[in-house]
Amino acid sequence: MITTVTLNASIDKAYVMERAIENGTVMRVKEVRNTAGGKGLNVAKVARICGADVQATGFAGGFNGQYLEDLARRSDVETRFFHVEGETRSCINILDPKYGSTEYLEPGFDVKAEDVDRFLEEFPSIIDGSSVVTMSGSAPRGVPADIYKKLTGIMKQAGIKVILDTSGSYLSESLSGCPDMIKPNEDEIEALLGIRVNGYEDVLRSAQELHDTYQIPWVVISLGADGAVLACEEGIFHGKPPVLTPVNTVGCGDSMTGAFAVAMERKMKPEEALGYAVAVSAASAMSPLTGHFDLAVYEKIAGDVVVEVCG
Ligand code: TA6
C-alpha cells in the first residue's frame, strides 16, 4: 500500500472560463471542477489510477475537511486524516483561453503544537502496512519546518520508502533525514544550492551534487514539457516525453510523484521508473482534471518516451 501525506490539503476548484479574465469586472464561470487537492491528494489519485492500493493522510478540518475526504473516497482513495479546528482550505485554478492556468493558493488553517505532537504519535499506526510513503507540498501555519524530517525518521525506522516533494525550508530542513527520493524543480534547486541554474548541464550537475552530498538514492528534477532528470547510484538519466499540446498542467509534478511511488513499490529499476513516471505525468497533462490521467492516453504516450543515459 502507498500512503500519501498532505499536511495542507485543499479543495481544488478549477474554474473553466469562456473568455480571458478581466480584473475589476464580474466574470461568470462556465464550469467548476472540484477535486480533492493539495499535492499529496493528487499523488494519491494518480497512484490509484496506476493500480496501487492508496490511503491519504494529513491535516483536515471542518465541513470542507469532510467534503475533501468524500471527494478522495470518490476517487477510490482511502482516507485517514487527522482532524483539527478550522476549515480545510481551497485552491483556485482559473483556466482561461488567454492566460492558461492562474492559481490562487489559500494559506490554510493554523495547526496547534499539540495537534502536531498527536499526529506524530499516531503516524506509526497510520503508515503501518505501507511500502512507500510520499510527503508533498506546503504545511499549514504552526507546523515546524523539520516536520518532514521527523516523519522521515519514523518511516526509516519502519523500513518504509520515503518520497519527499516540497520546497523552501520544509525541503532544506529535511534533506539530512535522507529520504529515498526528492523531486525539486529548478527554482527549488537554486534555493537549495544557492546557485543559478542556467541550462541543461547545470541541471545535471545539480542533481548529481544533491545525490552525492545528501546520499539521497533518487534525485529527480522535473523539467515540465522536457520530462525529468534522475540522478542515482546507477548514473544520471533523462526521461523525455513526446511533444504534446497540454490541456491542464496543474498537478503534473504530483502525477510524476505518484508514478514514482508506484514504480518504487513495484521495485522498478531507475531507468524503468523514470520512463514510467514521465509517461504518466505527460498523460496527466492531457486531462482537464488535476491529479488524473486516462490509461488509454498513457498507453499511447509510453511507447514514445525516451530515456537517455546522461552520465
Ligand atoms: O501542484 C498543484 C497543487 O497540488 C494544486 O492542486 C494545489 O492544491 C496546490 O498545488 C497546493 O500547493 P501547496 O504547495 O500549497 O501544497
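View 1. C252 lies in helix 8, where helices (H or I, at least four residues) and strands (E, at least two) are DSSP runs, numbered from the N terminus. This is a predicted model, in which local features need pLDDT of at least 70 and side-chain atom pairs count only at pLDDT 80 or more, whereas totals for chains, interfaces and linings use all residues. Residues are numbered from 1 along each chain as its sequence is written, and side-chain values use heavy atoms, with hydrogens and water left out. C252 counts as buried because its relative accessible area is 11%, with buried meaning under 20% relative accessible area, exposed over 50%, and partly exposed in between (1.4 Å probe, protein chains only). Leaving aside neighbours within four places in sequence, C252 is in contact with S281, S284 and A285, contact being defined as heavy atoms within 4.5 Å. From C252 to G40 the C-alpha to C-alpha distance is 12 Å, although the two are 212 residues apart in sequence.

**View 2. The packing of helix 8 against helix 9.** Helix 8 (residues 252–265) and helix 9 (residues 270–285) pack at an angle of about 145°, their axes being 8 Å apart; axes are lines fitted to C-alpha atoms, for helices over the stretch in contact, and angles run from 0 to 180 degrees between N-to-C directions. The crossing of helix 8 past helix 9 is right-handed, a term that applies if the near helix is turned clockwise from the far one by less than a right angle, with left-handed used if it is turned anticlockwise. On the helix 8 side, the residues that meet helix 9 are C252, S255, M256, A259, F260, V262 and A263, and their counterparts in helix 9 are A273, L274, Y276, A277, V278, V280, S281, S284 and A285. By class, this contact has 13 nonpolar, three polar and no charged residues, where Ala, Val, Leu, Ile, Met, Phe, Trp, Tyr, Cys and Pro count as nonpolar, Asp, Glu, Lys and Arg as charged, and the others, Gly among them, as polar.

**View 3. The largest pocket.** About 1000 Å³ of space lies in the largest pocket. On a 1 Å grid over the protein atoms alone, a pocket is an open set of points with protein on both sides within 12 Å along at least five of seven lines, a cavity is a set where a 1.4 Å probe fits but cannot get out, and lining residues have an atom within 4 Å of a point. Grid points are joined across faces, edges and corners, and a volume is the space filled by probe spheres set on the points. The largest pocket is lined by 42 residues, of which T249, G251, C252, G253 and D254 are the closest to its centre. Two or more lining residues come from each of helix 1 (39–49), strand 7 (89–96), strand 8 (100–105), helix 8 and helix 9. Its lining divides into 14 nonpolar, 18 polar and ten charged residues.

**View 4. The second largest pocket.** The volume of the second largest pocket is about 260 Å³, and among its 14 lining residues K161, W218, M264, K267 and M268 are the closest to the centre. Helix 8 gives the largest share of this lining, three residues. By class, the lining has seven nonpolar, one polar and six charged residues.

**View 5. The largest cavity.** The structure holds one cavity of 30 Å³ or more, and about 80 Å³ of space lies in the largest cavity. The lining of the largest cavity consists of D12, K13, A14, R33, T35, C91, N93, E103, V250, P288, L289 and T290. At least two lining residues are supplied by each of strand 2 (10–17), strand 3 (29–37) and strand 7, with strand 2 giving the largest share, three residues. Five nonpolar, three polar and four charged residues make up this lining.

View 6. Eight of the eleven residues of helix 1 are buried, namely G40, L41, N42, V43, A44, K45, V46 and A47. G51, with a positive phi near 105°, follows helix 1. D115 is found in helix 3 (residues 113–126) and is buried, with a relative accessible area of 9%. Not counting residues up to four places away in sequence, D115 touches F59, F82 and V84. D202 lies in helix 7 (residues 200–214) and counts as buried at 15% relative accessibility; under the same exclusion of residues up to four places away in sequence, D202 touches R196 and V197.
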